Amino acid sequence: MRSNRQLGSALIEHNLVQFADLDAANERLLELAASSDLRQTSVLAILAYEKKVLREEDVLHHVVDDLGLGVVDLRGYEVPEGLKQGLDLGACWSTWTVPFDQEEDCFFMATAYYLSPAVRSYWEKKLGGTLIWQATTLEIIADYLDRVQTERDEAAKNSPPKPLP
């Protein structure tokens, strides 16, 4: 919820949405949060796809043009197995962010929530080291996380049963 609140504040601060629109989106966010489905609890998705008062493309343009981030599309990117295996999917869904590469103590991060200081702070504390941020869309993050979950489900289904003690 904190990442969504701070993203909403940043969207207002950067003149990407109006307060009244954010207020309505926050009400909807609270309804969705009660369902405990992290995938659905995104103020950005509500503003862009339900309320249609913001284009996700405008947020991407802002972080690229005004903040200097690059853009990454994870659909064709081969993420190292070590990063995928240790990935906390709940944290990724709640921050709309995934680490997608690592070079020693430098992590490359794909995020749809760069404007939320809570998101950046969370990952900086969790990973340590240097973080290089890249912007992406909610859809690309969701597709990637769905693929990781599918791979985990397949691996669990195909692994031999554990012996009884």
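This is a predicted model: local features need pLDDT of at least 70, side-chain atom pairs count only at pLDDT 80 or more; totals for chains, interfaces and linings use all residues.
Student: What angle do α1 and α2 pack at?
Tutor: About 165°, with the axes of α1 (residues 2-13) and α2 (residues 19-33) 10 Å apart. Therefore α1 is roughly antiparallel to α2 (over 145 degrees; under 35 is roughly parallel, 65 to 115 roughly perpendicular, the rest oblique). Axes are lines fitted to C-alpha atoms, for helices over the stretch in contact, and angles between N-to-C directions run from 0 to 180 degrees.

Student: Which residues make that contact?
Tutor: From α1, Asn4, Gly8, Ser9 and Ile12; from α2, Phe19, Leu22 and Leu29. Contact means heavy atoms within 4.5 Å. By class there are 4 nonpolar, 3 polar and no charged residues (Ala, Val, Leu, Ile, Met, Phe, Trp, Tyr, Cys and Pro are nonpolar, Asp, Glu, Lys and Arg charged, the others, including Gly, polar).

Student: OK, and how do the axes of α1 and α3 cross?
Tutor: At roughly 50°, coming within 8 Å. That makes α1 oblique to α3. Asn4, Leu7, Gly8 and Leu11 of α1 meet Val43, Leu44 and Leu47 of α3.

Student: New topic. How much space lies in the largest pocket?
Tutor: About 220 Å³. A pocket is an open set of points on a 1 Å grid over the protein atoms alone, with protein on both sides within 12 Å along at least five of seven lines; a cavity is a set where a 1.4 Å probe fits but cannot get out, and lining residues have an atom within 4 Å of a point. Points are joined across faces, edges and corners, and volume is the space filled by probe spheres set on them.

Student: Which residues are closest to the pocket's centre?
Tutor: Arg39, Ala45, Tyr49, Trp96 and Leu138, out of 13 lining residues. Helix α3 gives the most to this lining, with 4 residues.

Student: How many cavities of 30 Å³ or more are there?
Tutor: The search finds 1. The largest cavity has a volume of about 60 Å³. Its lining includes Leu44, Glu56 and Tyr113, and α4 (residues 56-65) gives the most, with 4 residues.

Key:
Residues are numbered from 1 along each chain as its sequence is written. Side-chain values use heavy atoms; hydrogens and water are left out. Helices (H or I, at least four residues) and strands (E, at least two) are DSSP runs, numbered from the N terminus.
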